[in-house]
Amino acid sequence: MSTYDLIVIGAGPGGYVCAIRAAQLGLKVACVEGRETLGGTCLNVGCIPSKALLHASHMLHETHENFAKMGLMNAHVDVDWDKMQAYKTETVGGNTKGIEFLFKKNKIDWIKGWAEIEGAGKVKVGDTVHETKNIVIASGSEPSSLKGVEVDNAGGIVVDSTGALALPKIPKSMVVIGAGVIGLELGSVYARLGADVTVVEFLDAITPGMDGEVQKQFQKILSKQGMKFVLGAAVSGTSVANGSAKVTYKLRKDDSEHQIEAEAVLVATGRRPYISGLGLDKAGVALNERGFVAVDDHWQTSVKGIYAIGDAVPGPMLAHKAEDEGMAVAEVIAGKHGHVNYSVIPGVIYTTPEVASVGLTEEAAKESGRKVKVGKFPFMGNARAKALFQAEGFVKLIADAATDRVLGCHIIGPNAGEMIHEVCVAMEFGASAQDIALTCHAHPTCSEAVREAALACGDGAIHA
């Protein structure tokens, strides 16, 4: 039996990136994964398949809403749900096979099965205990449950995010419980496919934690696209009968009880660490008060030689955050310096328009006691965005009033998920808003709006 320098538990974005980076640094590495394919939730039933459906449904929207405006006539197309599902599956397969190729290329052993930590340096898979110098827990997360709501993905009526990716048919109506990223993305998919979508959210605003102006504009745009919102509502239960479901909720403002019926219900109330069965208690690995694996500044748990990253530990549950931690912890284990700048981790919602953010919101910056200046530029002033029929949003740049240093950026508009990285790089280098304003941007591009927002932090934008 081989003795490894590192065994990684979980082959999602954090786990497989960690394994590859460690192998590149000369370590003998194995990765334990019980799924039939690599890539974890993200590649199999999360980020990648949902983006495939988002893209397909956006293309449908374009044919129905915008093709005729551009002189592309008679392009009103119908949906073949089975073929759309096949496209999604093919997209997933190409990506998961790519990870398997990378494992072979980097001589990483894939130990197939589910892991249990016997103690420091010992990982049991099936009946075999594998010896290793270090262990990294990268087990990811699973959908959170909601009291009174029973999810049955096989039934195809009350589902979580996994079930919503593969409904047996496009429902005529859908209730989405939770107005976070997952709920709004998948709700947007089915709304564009023709479903009557109602989002029920406990809080008084969508996308909790997002910049307040973006929240309001985002909800306004989604409402124009046909999505309905019930905010400040606590869901108390669901019931299923005759091929549909009833959702019962109370409005927090007056405690009045209401019901809404739909052919499908998506429960999108967040995610929790997936650590069941890992034997953390037996191994002595401590959890924090919220059930995440507790780690120090080097991602080491309470047990020496056992590390944890990604959704299993505190912080935003984002694939790219897990990847950064995976690379960093591999560096640490290899005796180098691993680093993650948690102040510069972008977040993106892949609806149309996209929503992207990095750094502090205006509210958070002011609450921290800083004096800030805000530069805003509407996409209505951007020629490319208007040509794309996506001029409803804006770029908002937050800078320190005294130093002009960029503290955050929030974009709602076309290609926001790509444009945000310009600001990420700027923040990594400690750039000022003026630095961005003085940087030449190609015309005509949507990215010009970022420069205009930076100009607005100074003497003023040119095109607004």
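## Lysine 107

K107 counts as exposed because its relative accessibility is 70%, where exposed means over 50% relative accessible area, buried under 20% and partly exposed in between (1.4 Å probe, protein chains only). K107 lies in the loop between helix 4 (81-105) and strand 3 (109-112); helices (H or I, at least four residues) and strands (E, at least two) are DSSP runs, numbered from the N terminus. Phi of K107 is positive, near 60 degrees. Most residues other than glycine have a negative phi, and most peptide bonds are trans.

## Basis of the model

This is a predicted model, in which local features need pLDDT of at least 70, side-chain atom pairs count only at pLDDT 80 or more, and totals for chains, interfaces and linings use all residues. Residues are numbered from 1 along each chain as its sequence is written, and side-chain values use heavy atoms, with hydrogens and water left out.

## Phenylalanine 389

F389 also has a positive phi, near 60 degrees. The residue is found in the loop between helix 11 (383-387) and strand 21 (394-400). With a relative accessibility of 35%, F389 counts as partly exposed.

## Cis peptide bonds

T352 and P353 are joined by a cis peptide bond with omega about 5 degrees. P353 is placed in the loop between strand 18 (347-349) and strand 19 (354-359).

Another cis peptide bond, with omega about 0 degrees, joins H443 and P444. The loop that holds P444 runs between helix 13 (433-437) and helix 14 (448-456).
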